[in-house]
Amino acid sequence: MTTLDIVMVIVRVSISAFVPLCFLAVCVTMERRVAGFVQDRSGPNRAGIYGFRAGGLVQNLADGIKLAFKEDIISEHVEHKFLYVLAPIISMAAAIISFALIPFADTLVLDGKAYVMQGIPWDTGILWFLAVTGFSVYGIILAGWSSTNKYSLLGALRSASQVISYEIPMGLAVISLLIVYGSINLSDIARFQGQNWLGFIPMWGIFLQPLAAVIFIVAAFAECNRTPFDLAEGESELVAGFHLEYSAMKFAVFFMGEYVAMFASSAVIVTLFFGGYNIPFFSTDFLIRNIKPVAFVMLVILPVFMFYFAKWIRRNNRSQYPRENDPREAEATVYIRCFWILIGVIEVFLLAILAFAQPDTAAAHLLVALMQICTFLLKVTLMLFVYVWVRWTIPRFRYDQLQILGWQKLLPLALLNIFVTGAIVVALG
Amino acid sequence: MAAKVKQLPSRGGTPAEKVYLIEIFKGMGITLRHFLRNLWDNSNLYVRHYPEVQPNIPAHWRGRHRLLTHSDGTPKCVACFMCQTNCPANCIMIKAGERTDGITEKMPVSFTIDLAECIYCGYCVEACPEDAIRMDTGIYAFTSSNREEMKIEMDEMLSLKGGYTEEEYQKGLEDE
Amino acid sequence: MTEMIKLFVNGEEVEVESGKNLIDALEKVGIEIPHFCYHPALGADGNCRMCLVGIEEGRPPVVPACKTPAKEGMKVLLDADHIKKIQHDVMELEFINHPTDCPICDQAGECKLQDYYMKYEGTESRMRVPQVKKRKVQDFGGGVIHDQERCVACGRCVRFLRQITKTGELGLVNRGDDCRVEFFPGRPINNRYGLNVVDLCPVGALTSADFRFKQRAWFLKRAESICHGCSKGCNIMVDHNKEKYEDDIIYRIRPRHNEQVNGWFMCDAGRMTYKSENDNRLEECTLAGTVRPLTDILADAQSRIEKASKALFLVSPSASLEQLVAVQALAEKTGAAVSAFSDGYIVKDDGDDFLIKDDKAANRTGVDLLSIAKSRTHFDNMAKEADVFINFDNDLSRSLSEEQIGKLFKDTWVLNAATHPGHLGTAMAGKAGASVALRSWSEYHGVVVNCDGIAQKFVGGVMKNIERPDIVEIAAGLGSPATGAAAAWALVQKKIPALAEFGSFLELPAEGVNLTDNEAGK
Ligand code: SF4
Ligand code: SF4
Ligand code: SF4
Ligand code: SF4
Ligand code: FES
């Protein structure tokens, strides 16, 4: 094993382990601000450090500190303390490792060696995801049961039966996908979607398998216990459901686990249906071969983009009431400067590539990999936005409606989809 | 006052509506419109930038309680316990005693309202036969880090002044 | 059995007891005729005219119900328009000069005028001339405060003081607008039953200075009890309430009707016994001077009783039958002696021929029925022998002086279970014994037998913040076979066969069981 090998292992594992955690901040902020904007209010924008609010990010910091320093209570009546403590750990751990097999860039070739860009380079792919998310429900069931609280127990029961009902349509939707892709390896699946149809339509899962996409996305919402399927929490009837008895960091871990799971399932949805890390219309090979024009285009686009972004910051980062020497305007200026500096640094790098890099060298490969990671994260962020968007649009299902949707609608549709797909694939040979 | 009943047509029966997804996308379209509008320019939010921008409290707003006094400064309250009897939160605590100033025979010796328990329903104001208690101070924000401080006593309530003129207050009652 | 007769009310046939006036007869079957001046104990006066009812085909067609005996076949009209108009007009008349200051009136909530206004009038005043002003707060003496403006001149108070106490302090003076109740100058109410006029007054014209402004009537919880002030055992209503953040305390005691015992009344001293229920109560259980949990004390006492050559239990003559048998059974089991020595409870020449008795013990007849010794000689002899002495709430300081108590129990280990401090005087101060704070009679249920041999149940509704045990629990804790109230009641039934037919003490009839009527005395 060379040093490069070891570095690459560290890089890949840390990306796959820490990116979901870092995205927590994005998720929570987005959740709150989107909720605010959807409801014509502003969301958290008060907490700040020396007046710097970072668009609400500082609020997360405050909440995090609050949760970390809260009194951690385990009620007297909790009999199985070990399981009680174990439950949030299971939730969180399952959420993190379910992301481990998802590729966030195309296979990177350095020094003639290929590195699969995913946390654990296994071939189990989508099956791993199905298995691990199925496992995460144990966290909820254990939490509900060991809390010795009827509300928690009811929440856990709901969650258990919900996972059973929705895992089946989800699995079936995956089957029809596999018929099309011919592989369970997510890297293969992503690469497959890098091709273009008739030269201009990307061969994304959503176009090949629209029905499977709908079923899978709906089921993924249910797996994550997100609205409209968050009956396990159901605060209006179950107070808070399974995590009712949890406080402080144990609660926080549940809370973070939910968002990490959301991130992981967004990543899977992106990989299965939205081309994964692929930049639409541009295959990895094409980018590597034409590294100089690509760098040049980016060199031009970035400042233009930044110019408008700065204007947006100026417009929105100011006090909405008459105020002398508005400190928020100064705040905006600081942000804009920081961003310009960042852009400047990137420009320097691009210039360097433009000047020295040759196609098909390590630098070109790295740049493309970076671009793909960014694309991937952008797509995942958009998917996360959909999660949030749905949550603040659709009210919660009633329990019987949830089961009817799962068993009487999604299941037959998924089966039908398999037959139709199978027939077409056979017919086309 | 008769209840206002507005009958809305029942929704959700047509085949298109039964497919859910179409309606869901419609709904998501609405929320997305709001989101994008506010993201583009957040100056149109329906929020008041409290505490920098203070609300304008109408006269019939039920704020913090005060006890009214006669023109000579003695309390109007006669300790009839009507407010305590009617208080759904059970947060008024009165002790009655003999009154010697010749106005009536009875007056409160102590009169405590636990504002931490009060639900600001205004029943006490309505129940009072003497117009001795009102919630027209216009004070709506008071906090404390300790429960005891949320109990306000007779002297404090007697010293509070109304936030409105008598005409505004009476008009506020009519508006209600 | 009284004879039953049939008559018609509003055309419907009802069966009522004969020999009564219409108000009483119909009240028994649940038909109310409004009235102010009539009171069953005082008879009809016929001055208020509120009780006017129509008699179909009668001569005269409209009669005062209070003065009209119920007769077979009578056709009484209550809801005819002209009767309703009479009731309405009488009420309007009453209100002409009435101040209607219900907010500050203690009667509000149990006021006839309020009730009848809601039921029979309900219109606004038509009077446009100023009301006649009279005196407001007038001290009638004896703890009675009078408000002339509220008086409806029914004369109940006057008649009570003339007919029942025969002291006649009050009289109605003047007529019309100016009619009012007054005492004869220099002779305010001064008798031992004076506060009964407060209950008699149908409105808030007479109020008790003691209860004045303490509580509104509707906040009070009621418990049907028996007065423990003397051996008469007057039936009472204990009005108590637990205010937020405070203790459950009694605000007043009112008489409860029982024809066999006290009729409608009680004495003033009995009314004031609530004060000692509220105040100056023992609160802690101590052992050798330190506060200890009850179980420790009982365990210690139990082992001492077992080791003792002789133990003596002194019970209170006011304790309930259940408590007496529980202690008695404990004594039988441990071979201890029981005494109810309580000579000091008898106050010579204090009683009268109405309600008040010399004997201030509530259950001395019960003590006798259970054959518990109570003589001084027995007590002295036993006290000399005993090396463990347990006092069950007997206020020995009434019977013996401090030196006497101190001498008797010089070398004895003493457990003093009491409701109030001072039962053994200060003689026990500094002595290494134990003391237990007990529940008092307003806090437990039980049965007591009054001086006339009538066994009466009482219910304790007061729930103090500090939980105290009652004597049955203490005795059970010391090993008595009566392990609880139910077991104690079973023992009572064994010893007093006349009570055997009642499954629980709650099944005793409201008017009590007269034990002298049957074999119980044997
Ligand atoms: S506002 Fe309502 S809850 Fe508050 S004190 Fe008055 S009656 Fe009680
Ligand atoms: S209702 Fe009015 S007069 Fe009566 S006690 Fe309350 S504040 Fe005083
Ligand atoms: S006597 Fe009755 S009606 Fe008159 S003020 Fe008192 S409560 Fe009111
Ligand atoms: S004071 Fe009361 S009882 Fe006496 S006459 Fe007047 S109303 Fe009747
Ligand atoms: S009750 Fe009959 S006249 Fe007063």
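Reader: How many salt bridges does the structure hold over all chains?

Author: Counted over all chains, the structure holds 60 salt bridges, and since this is a predicted model, each of them should be read as a feature of that prediction. One of them joins Arg226(A) to Glu31(A), where the closest N and O atoms are 2.7 Å apart. This pair links distant parts of the chain, with Arg226(A) in the loop between α8 (210-223) and α9 (235-238) of chain A and Glu31(A) in helix α1 (residues 3-38) of chain A, 195 residues apart.

Reader: Are the two partners in that pair, Arg226(A) and Glu31(A), buried or exposed?

Author: The general idea is that a residue counts as buried when its relative accessible area is under 20%. Arg226(A) has a relative accessible area of 1% and is therefore buried, and Glu31(A), at 4% relative accessibility, counts as buried as well.

Reader: Which side chain meets Glu166(B) in a salt bridge, and where do the partners lie in chain B?

Author: The side chain of Glu166(B) meets that of Arg134(B), at 3.0 Å from N to O. Here too the pair links distant parts of the chain, because Glu166(B) belongs to helix α6 (residues 166-175) of chain B while Arg134(B) belongs to strand β4 (residues 133-134) of chain B, 32 residues apart. As for accessibility, Glu166(B) is partly exposed, with a relative accessible area of 39%, whereas Arg134(B) counts as buried at 3%.

Reader: What does the salt bridge of Lys20(C) look like?

Author: Lys20(C) forms a salt bridge with Glu17(C), and their closest N and O atoms are 3.3 Å apart. Lys20(C) itself is partly exposed, with a relative accessible area of 24%. Elsewhere, salt bridges that share partners join several residues into one network, whose members are Glu98(B), Glu105(B), Asp101(C), Lys136(C), Asp147(C), Glu149(C), Arg150(C) and Arg212(C).

Reader: How many residues does the contact take from chain C and from chain B, and how many salt bridges are found across the interface?

Author: The contact takes 16 residues from chain C and 23 residues from chain B, and the area buried between the two chains is about 1500 Å², of which carbon and sulfur atoms give 56%. In chain C, Ile104(C), Phe213(C) and Lys244(C) lose the most area to chain B, together 38% of what that side buries. Across this interface of chain C and chain B there are 7 salt bridges. The side chains of Glu243(C) and Lys95(B) also meet in a salt bridge, at 2.9 Å from N to O.

Reader: Which residues surround the ligands, and how do they divide by class?

Author: A shell is read by listing its residues and then sorting them by class. Around ligand 2 there are 14 residues, the closest being Cys77(B), Cys80(B), Phe81(B), Cys83(B) and Cys128(B), and by class this shell has 13 nonpolar, no polar and 1 charged residues. The residues surrounding ligand 3 include His98(C), Asp101(C), Cys102(C), Cys105(C), Cys111(C) and Arg150(C), and that shell divides into 6 nonpolar, 3 polar and 2 charged residues.

Reader: How is chain B divided into domains?

Author: Chain B is divided into domain 1 (15-47) and domain 2 (66-175), and the centres of these domains, taken over C-alpha atoms, are separated by 47 Å.

Reader: How many helices and strands does chain C have, and what share of its residues count as buried?

Author: Chain C has 13 helices and 23 strands, and its C-alpha atoms fill a box of roughly 85 × 50 × 45 Å along the principal axes. Of its 522 residues, 56% count as buried. Among contacts in chain C between residues at least 6 apart in sequence, 65% join residues at least 24 apart.

Reader: Which residues of helix α10 of chain C are buried, and what covers them?

Author: In helix α10 (residues 376-385) of chain C, the buried residues are Phe379(C), Asp380(C), Met382(C) and Ala383(C). Their cover includes β16 (311-315), β17 (337-339), β18 (388-392) and α11 (402-408) of chain C.

Reader: Where is the place of Ile86(C), and which residues is it in contact with?

Author: Ile86(C) lies in helix α2 (residues 81-95) of chain C. Leaving aside neighbours within four places in sequence, Ile86(C) is in contact with Arg49(C), Leu52(C) and Val62(C).

Key:
Residues are numbered from 1 along each chain as its sequence is written. Chains are lettered from A and ligands numbered from 1 in the order in which they are written. This is a predicted model: local features need pLDDT of at least 70, side-chain atom pairs count only at pLDDT 80 or more; totals for chains, interfaces and linings use all residues. Side-chain values use heavy atoms; hydrogens and water are left out. Domain bounds come from an automatic or database domain assignment. A residue is near a molecule or strand if one of its heavy atoms lies within 4 Å of it. Ala, Val, Leu, Ile, Met, Phe, Trp, Tyr, Cys and Pro count as nonpolar, Asp, Glu, Lys and Arg as charged, and the others, Gly among them, as polar. A salt bridge is a side-chain nitrogen of Lys or Arg within 4 Å of a carboxyl oxygen of Asp or Glu. Helices (H or I, at least four residues) and strands (E, at least two) are DSSP runs, numbered from the N terminus. Buried means under 20% relative accessible area, exposed over 50%, partly exposed in between (1.4 Å probe, protein chains only). Contact means heavy atoms within 4.5 Å. Buried area is the accessible area (1.4 Å probe) that two parts lose on being put together, summed over both.
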